[in-house]
Amino acid sequence: MNGNDEPKRLYGFRRLTKGERGTFYQELKTPHWWSGSDAKASDKGWLHIYEKGKWKCVYCDTDLLASADILAGSTEEHLVPRALLEAVEESSNKLSNLAPCCIRCNNIKGEYVPDSSNLVAWQSKNSYIQACRQFIARRRVQLYEKYEGIIRAALRKRAGLSSKA
Ligand SMILES: [Zn+2]
C-alpha cells in the first residue's frame, strides 16, 4: 500500500481501492441478486422504486413522505455501490439493486460493503441490507459518542443553564 491508493480505515471498515474492486467482486460466490434482468427505466423509474420500498428508507425506515424536504433529500440507493459494479463493467441500475434511502443513511454508508468472505451477508438481498443496517447503526453509535458532549454543552448554553450538569 502506498501513495494515494492507500485505503483509509473508517469505523473499522476499510474502503476498497480502485485496484482491489475487481478482485473483490470475483471473490463473491453467492447468487448475484443485484444483477437481475430488470433495468431501471430512467424517467418514471424512481417512483416505481419508492413505491416498491413503501416510501421508507431501506436502512432506517424513515418515512420519506414525512416532509417535502425529506423526500427531496432522499436518493435512490445503489445497494451494491456503483463504484464496485463499474469496476467490473456491470450495470448498477438494475431494479434489484436500487432502493429508496434517506440522505443521512446514504452519507453514512458511502461505499461500505460487507467483506467478501462474509457469505451470510452476501447470500441474499435481505441479509445484505441487514449487514448494511448494522454497519450504519454502529457508525451512528460512534457519531453519538463523538458529539454527545458537544451537543449537551451547546443545548445547556442555549437554554441558559450552567455548563455543569
Ligand atoms: Zn435512513
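Student: Where is F13 placed?

Tutor: F13 sits in strand β2, residues 13-14. Strands here are DSSP runs of E with at least two residues, helices are runs of H or I with at least four, and both are numbered from the N terminus. Heads up: this is a predicted model, where local features need pLDDT of at least 70, side-chain atom pairs count only at pLDDT 80 or more, and totals for chains, interfaces and linings use all residues. Residues are numbered from 1 along each chain as its sequence is written.

Student: OK, and why does F13 count as partly exposed?

Tutor: Because F13 has 19 C-beta neighbours inside 10 Å. Buried takes 20 or more other C-beta atoms within 10 Å, exposed means 12 or fewer, and partly exposed is in between, with C-beta atoms placed from the backbone.

Student: Which residues is F13 in contact with?

Tutor: Leaving aside neighbours within four places in sequence, Y112 and F135. Contact means the two C-beta atoms, placed from the backbone, lie within 7 Å. F13 and F135 are 122 residues apart in sequence, with their C-alpha atoms 8.7 Å apart in space.

Student: Which residues of α7 are buried?

Tutor: F135 is one of them, along with Y128, C132, I136 and R139. The cover over those buried residues includes β2, α5 (103-109) and α6 (119-122).

Student: Switching topic: where is G36 found, and is it buried or exposed?

Tutor: G36 is in the loop between α1 (18-26) and α2 (45-52). G36 is exposed, because 12 other C-beta atoms lie within 10 Å.
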